[in-house]
Amino acid sequence: MALIGEWRLSHAAPPRIASVMPDNYPRSSGLMDEELILLNPGPACTSKRVKDALLRGDLCHREPEFTELLFRIREALPRCLNLGGTHEALLVTGSGTAAMEMAVISSVRAGRGVLVVNNGVYGDRMIKIAKAHGIPFHEVRSDWTVPADPEAVRAALAGRDDVDAVVCVHHETTTGLINPIKEIGEVVAEHGALFVIDAISGTAIEDQDLAQVRADVVCGTANKGLHGLPGMSFILCSEAAVERIQEAPARSLYLNAASYLAGQRKGDVPFTPAVQVCYSLDEAIKEYQEAGGFAARTRLYRERAALVRGQFERLGLEILVDEQFRSNTVTMLHLPENVTYAALHDELKKRGYVIYAGQGQLSADFFRICTMGEIPWHRLEQLEDALRESIEAARG
């Protein structure tokens, strides 16, 4: 095979800046200065320790060592997200969308439907899932910059005894918007439907304690807030959700939650899993717990958001979403005058940072910066200068 060529990012490593964080504050320390910092909403940067876990060795998933690993992760996920004792974890090899598709199609019985709370690209994705599987759906739609209204959900559920599940995105990474999942969950509980939340960009990041949310199914991923590697996702199921999974028809071979439930309770999996990614998730959970768990991780994300948003303000970059509705990671920013996304992206990449474009109707005028995953604090402090230089260069 002919070697076409190779490329390598080349730039001088920036000097270290003394951190303003307290000495006992949990820090990200697994990246080298010369590594690209991913400021996109997934995949997120990971620590050396998590990456090294991939090298534990090859393992057949039918061996007892994998059963032990599976049991350990299944027990740890609900516990470290404050749902231990109330929810059961099911692991699936695939991105977060695999978990969401499994959750939606396994929460609705034959002849019944789903209500989707839609105020962004990921809410719209839930509708696409329902359509793909022939599940009747209703929709509560709101503007992309406005949180969903619990009373609108109540009105949509009134008189609809055919709705088996209500699906809502916790953190709409389309815009960096947080939806009021606690209040919506209370409305859904009154109706009696299952409440399914896409918490893929919210777990271990956002301040909302999931123990206070009446969610029957919580969908998450190994990457993002848990700082594992992409490729494994999961659903956390309440007792009611476990019962529903076993009542719903098998709408998919690969994503049938009932087969995962039956197998994983015995330490088995229905299909070949990403074993090495499970190793890394296991290590990421250990890091998470050693650093202080949920309280420490969410505090870290609040502090990061405050740091970079102060930089955006000083640079005159306009944030789309009102402050009270913003997530702890994604910030949707208006492109500076006479600067294209492509030019800004390329200039920032030269300086060691990868940003992300806006989606859908926002793609022409906005870009996103996300402070997710393992990021050394000093690299975030240096982002302001990198942004300033990149904007000036992109205009030139």
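Phe271 is partly exposed at 26% relative accessibility (buried is under 20% relative accessible area, exposed over 50% and partly exposed in between, with a 1.4 Å probe and protein chains only). The model is predicted, so local features need pLDDT of at least 70 and side-chain atom pairs count only at pLDDT 80 or more, while totals for chains, interfaces and linings use all residues. Residues are numbered from 1 along each chain as its sequence is written, and side-chain values use heavy atoms, with hydrogens and water left out. Phe271 forms one aromatic cluster with Tyr254 and Tyr260.

**Aromatic rings**

- Rings of Phe, Tyr and Trp (its six-membered ring) pair if their centres lie within 6.5 Å; planes under 30 degrees apart are stacked, over 60 edge-to-face and the rest tilted.
- The model has 3 aromatic pairs by this rule. One of them is Tyr254 with Tyr260, an edge-to-face pair with 6.4 Å between the centres and 90 degrees between the planes.
- Tyr254 also pairs with Phe271: the centres are 5.0 Å apart and the planes stand at 40 degrees, so this pair is tilted.
- Tyr254 is in the loop between helix H7 (239-245) and helix H8 (257-264), and Phe271 is in the loop between H8 and helix H9 (275-290), so their pair ties together parts that are 17 residues apart in sequence. Helices (H or I, at least four residues) and strands (E, at least two) are DSSP runs, numbered from the N terminus.

**Charges over rings**

- The charged end of Arg304 sits over the ring of Tyr301, at 5.1 Å from the ring centre. The criterion is NZ of Lys or CZ of Arg within 6 Å of the ring centre and within 35 degrees of the ring normal.
- Tyr353 has the charged end of Arg379 over its ring, 5.3 Å from the centre.

**Helix H4**

- H4 covers residues 121-132, 12 residues in total, and reaches 16 Å from its first C-alpha to its last, close to the expected 16 Å (1.5 Å times one less than the number of residues).
- The buried residues of H4 are Tyr122, Gly123, Met126, Ile127, Ile129 and Ala130. They lie on the same side of H4, because their arc around the axis is only 165 degrees (taken from the directions from the helix axis to the C-beta atoms).
- Lys128, Lys131 and Ala132 are exposed on the other side of H4.
- The elements against which the buried residues of H4 pack include helix H3 (96-105), strand E3 (113-118), strand E4 (137-141) and strand E5 (163-169).
- Gly134, with a positive phi near 70 degrees, follows H4.

**Nonpolar cores**

- A nonpolar core is a set of buried Ala, Val, Leu, Ile, Met, Phe, Trp, Tyr and Cys residues joined through side-chain atoms within 4.5 Å.
- The largest core has 53 residues, and Leu77, Val166 and Phe195 have the most contacts inside it. H9 gives the largest share of this core, 8 residues.
- Leu77 is in contact with Ala89, Leu91, Leu226, Phe234, Leu236 and Ile285, leaving aside neighbours within four places in sequence (contact means heavy atoms within 4.5 Å).
- A second, separate core has 33 residues, among them Met100, Ala103, Val167 and Ala257.

- Ala53 is in the loop between helix H1 (48-52) and helix H2 (64-80), and is buried with a relative accessible area of 4%.
- Residues up to four places away in sequence aside, Ala53 touches Tyr279, Ser280 and Glu283. The C-alpha atoms of Ala53 and Glu283 are 6.7 Å apart, although 230 residues separate the two along the chain.

- Most residues other than glycine have a negative phi, and most peptide bonds are trans.
- The peptide bond from Gly42 to Pro43 is cis, with omega near 0 degrees; Pro43 lies in the loop between strand E1 (37-38) and H1.
- Asn82 is not a glycine but has a positive phi of about 65 degrees. Asn82 lies in the loop between H2 and strand E2 (88-93) and is partly exposed at 31%.
- Ala204, also not a glycine, has a positive phi of about 65 degrees. Ala204 lies in the loop between E8 and strand E9 (217-221) and is buried at 1% relative accessibility.
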